[in-house]
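Trainee: Please pick one part of this model and walk me through it closely, then show me how the chains meet.

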Amino acid sequence: MALAPAITDLEQLKGHPALARLLAWNASAVTGAKFDRDEMTIYIDRSNLREACALLRDDAECTFNYLSDVTCVDWYPAEPRFEVVYHLLSISKKERVRLKVRLDSASPVVESLTSLWPGANYFEREVFDLFGIRFTGHPYLRRLLMPEDWEGHPLRKDYPVEGYR
Amino acid sequence: MILNMGPQHPSTHGVLRVLLEIDGETIVRIMPDIGFLHTGIEKTCEAKFYQQVVPLTDRIDYLCPMTNNLAYVLAVEKLLGLEIPPKAQWMRVLMNELTRINSHLVWLGTHAMDIGALTVFLYCFREREEILNMFEMISGQRMMTSYFRIGGLALEPPLGFFERVREFAGRFPDKVDEYENLLTGNPIWMMRTKGVAQLSAEDAIALGASGPTLRGSGVDIDLRRDMPYSGYENFKFKVPVAQECDVFARYMCRVRELRESNEIVKQALDGMPEGPIKADAPGIVLPDREKMKTQMEALIYHFKIITEGFAVPAGEVYQAVESPRGEMGYYIVSDGTAKPYRVHMRAACLANLQTLPKMCEGRLIADVVAAIGSIDIVLGEIDR
């Protein structure tokens with residue numbers, strides 16, 4: 001089974017319901033898209049993330065009503081350095097879509113989704129703990145896994161695997 | 001008053017610490033505190049070759065090692081675009097369902113023991129022992145099996161393995177009857193579980209609950225049926241859903257799942273295809289021992305895979321499987337080298353644990369124990 005190349009052209013992908021809905025709402029909020037290995041990725045501008053998620057959650061066509069996962073990837077030393085990754089699931093349509101927000105290292109801040117899905121709470125705390133991304137509007141943004149007085153964010157790429165000795 | 005429960009408390013199933021703000025016997029606020037078992041597995045994965053990550057995935061959730069193995073190898077196979085032979089797929093389904101039975105038995109035994117029914121624990125562990133012996137037979141390990149490999153399985157199932165599984169699957173339904181005779185109609189059990197720790201379907205979805213915790217609230221979703229992987233579309237099984245949204249509903253879902261898993265095990269045994277257990281991908285799958293002794297290429301491939309791994313085309317995938325606890329997802333990012341750039345595990349328990357405040361606030365302290373048991377947490381998976 002050979003891998004098909006990834007499609008990144010917005011024109012070719014706009015038939016996908018989630019992307020079509022977002023483009024119809026606010027074309028400037030979508031900064032890119034990718035269809036690779038049967039998975040859809042949509043890049044969202046950071047200032048529109050919460051509204052885009054609210055739209056996908058409540059829309060009658062898309063119904064991405066379940067937030068599966070929030071995580072982050074550190075592309076150090078490239079800029080923008082961080083990609084915060086959201087996996088949404090539609091329980092009725094059995095479909096997934098991945099949303100991504102790119103953040104630069106100078107201000108790794110993005111709006112929290114806890115007002116839409118209270119379940120984002122722990123996921124965002126984990127990302128804050130391990131990557132140092134701040135989520136505005138989060139009710140309790142404290143470290144989740146590491147001790148309260150820990151220094152640094154262990155999953156960043158400039159943090160050594162064996163830790164600081 | 002603030003009451004501290006755990007991390008060394010037998011009913012918190014590991015090292016969960018819960019802070020309870022109480023007014024008399026009633027809970028005003030409940031705050032889970034986690035992280036005591038954090039080992040940095042996600043960071044460790046970034047320093048390993050792809051094939052070296054498989055044993056790490058066992059350690060995440062020590063009650064369902066095969067499910068984690070499966071989610072990881074499926075994700076890497078998706079990145080590579082590998083086709084898996086049918087026998088390997090069916091073996092994976094078979095082992096996964098045995099793992100589900102194993103995990104549910106531990107849950108049932110400890111959950112009942114928390115609430116005060118000690119006998120069930122002994123009965124459940126009797127059957128679990130048999131499953132662990134089968135795991136040992138097939139992989140050499142009772143708990144940390146690491147039986148699946150990228151591209152297939154580690155070993156051919158040994159002689160007599162299928163007969164042993166068939167014998168177990170034949171008598172297991174009677175054993176489930178035995179557990180149910182002790183619990184389902186038991187008035188004490190019903191009083192402790194019915195109407196306790198309510199969680200509405202809307203709350204369950206909003207909080208990201210999955211698995212029996214979600215299905216116990218009447219949401220009908222099971223990834224094995226709805227987004228099939230590893231050949232699950234070839235199996236016929238029912239997805240138990242209960243509408244009552246309480247501890248008893250989640251109990252009934254899991255007990256019915258025990259029976260359904262047993263049916264899948266029987267179907268897998270009956271339809272087990274013949275053929276190879278590894279994909280035909282010389283640079284990725286380790287060659288057979290015999291070939292290494294006679295063919296130079298096999299020896300070279302073996303040396304190269306062990307010493308420098310294999311490159312995985314750049315890209316990213318999210319592969320979720322239905323673990324005994326819910327949606328276990330692996331998000332893997334590859335940058336085209338032999339080591340994963342990022343491995344993230346979406347732990348079902350982490351999201352399920354968030355439902356605890358909704359279940360417990362305004363209720364009695366004794367119900368906290370029932371609620372924690374009913375979401376079936378494994379702290380290794382939560383803390384990673």
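Mentor: Before we talk packing, two residues are in contact if their C-beta atoms, placed from the backbone, lie within 7 Å. This is a predicted model, where local features need pLDDT of at least 70 and side-chain atom pairs count only at pLDDT 80 or more, while totals for chains, interfaces and linings use all residues. Residues are numbered from 1 along each chain as its sequence is written, and chains are lettered from A and ligands numbered from 1 in the order in which they are written.

Let's look at helix 6 of chain B, residues 161-183. Helices (H or I, at least four residues) and strands (E, at least two) are DSSP runs, numbered from the N terminus. From first C-alpha to last, the 23 residues of helix 6 of chain B reach 32 Å, close to the expected 33 Å (1.5 Å times one less than the number of residues). There's a kink of about 35° at B:Phe172, shortly before the proline B:Pro173; the bend is the angle between axes fitted to the seven residues ending there and the seven starting there.

B:Phe172 is also one of the buried residues of this helix, along with B:Val165, B:Ala169, B:Tyr179 and B:Leu183. Buried here takes 20 or more other C-beta atoms within 10 Å of a residue's own. Those buried residues pack against helix 4 (86-115), helix 5 (118-139), helix 7 (187-193) and helix 11 (247-270) of chain B.

As for the chains meeting, the contact takes 35 residues from chain B and 31 from chain A. On the chain A side, strand 3 gives the largest share, 6 residues.

Terms used: Buried ≥ 20, exposed ≤ 12 C-beta atoms within 10 Å, placed from the backbone.
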